[in-house]
Amino acid sequence: MYKELGIEFENVEASADTNSTVMSLITRGEIDVADGDPSSYIPGIYNGVPAKLVGNMWRYSGCYWLVANNDIQDFSDLEGKKVGTAGASGGMRLSVLKMLEKNGVSTDNVDLIANGVYQTAYASLTSGEVDATIIHNPYAALAEADGTGHILGRAWDYIPDYYTGTIIASNSFIENEPEKLQRFLTAYYQVHEEVKNDYFDEFVAWAAKEMNTSEEVMRKAIESEIDVWLDYPVIPEDRLATTFEYLKEYGWVDENVSYEGTYTNEFAQVAADTLGMTDPEAK
């Protein structure tokens, strides 16, 4: 679909620690554009990485699920149990903390464990290493299909204003190839809208094959998150501000780190105007 729009690019897959690897690749001039987590990118940019956030991913809420084993029926049952938080900081751990807080469970009574993401996190649940874990789909849907666990909560119901899912571009690309960046960004949203609306079944089949999951489970996983497929380009400053208040509240970013000057909506606004997109969250 990109080729039909006259755009060709090379995919470069970052290794395990994706966000820090992206920062390194951009600094070395090995990549021009990437997606990822703004809570990692912004401190990097603030500290000198030559890049800026230039738009939103197709979804920019935290699509994370808290999944528990079948011995746990509600949040109160998590007291005295081991709960996976993915990492020691960031949006997935924050989601766990906010879920516990809003359900009256003290973190003093829960053993929080950084247990990784995706297959690693799912394996820690099925092996009994943790009693519950925050996780991405399709693993939440897979847990229910396999009968190994069930869903306690969705992150975006608890922290809907958390911003995670951004597109970053190197300063070199922004300054030297602005027309290419604009064409790519506009195409990014156009392609995602077409996939969502015109090629959904093909997308489900492709995703199931890529992740070695049945199409039935994959369809359930995707459809359960489609309410946050906003496909809107313009970076929301109010979400940035709220997100960094959360991160500073827990001491995960330095008090001095500021998101100001780390992003530009110049290209995102053109993409939105070109495609006739309006802010789905506008008050």
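**Exercise 1.** Work out how the side chains of Glu223 and Arg219 meet, and where they sit relative to each other.

*Solution.* Start with the contact: Glu223 and Arg219 form a salt bridge, with 3.9 Å from N to O. That term calls for a side-chain nitrogen of Lys or Arg within 4 Å of a carboxyl oxygen of Asp or Glu. Next, the spacing: the two residues lie 4 residues apart in helix 10, so about one helical turn separates them. Helices here are DSSP runs (H or I, at least four residues) and strands are too (E, at least two), numbered from the N terminus.

A quick word on the model: it's predicted, so local features need pLDDT of at least 70 and side-chain atom pairs count only at pLDDT 80 or more, while totals for chains, interfaces and linings use all residues. Residues are numbered from 1 along each chain as its sequence is written, and side-chain values use heavy atoms, leaving out hydrogens and water.

**Exercise 2.** Which parts of the chain does the pair Lys220 and Glu144 link?

*Solution.* First, check the contact: Lys220 makes a salt bridge with Glu144, and their closest N and O atoms are 3.3 Å apart. Then place the partners: Lys220 belongs to helix 10 (residues 215–223) and Glu144 to helix 5 (residues 139–146), so this pair links distant parts of the chain, 76 residues apart.

**Exercise 3.** Is Lys220 buried, partly exposed or exposed?

*Solution.* Take the cut-offs: buried is under 20% relative accessible area, exposed is over 50%, and partly exposed is in between (1.4 Å probe, protein chains only). Lys220 has 45% relative accessibility, so Lys220 counts as partly exposed.
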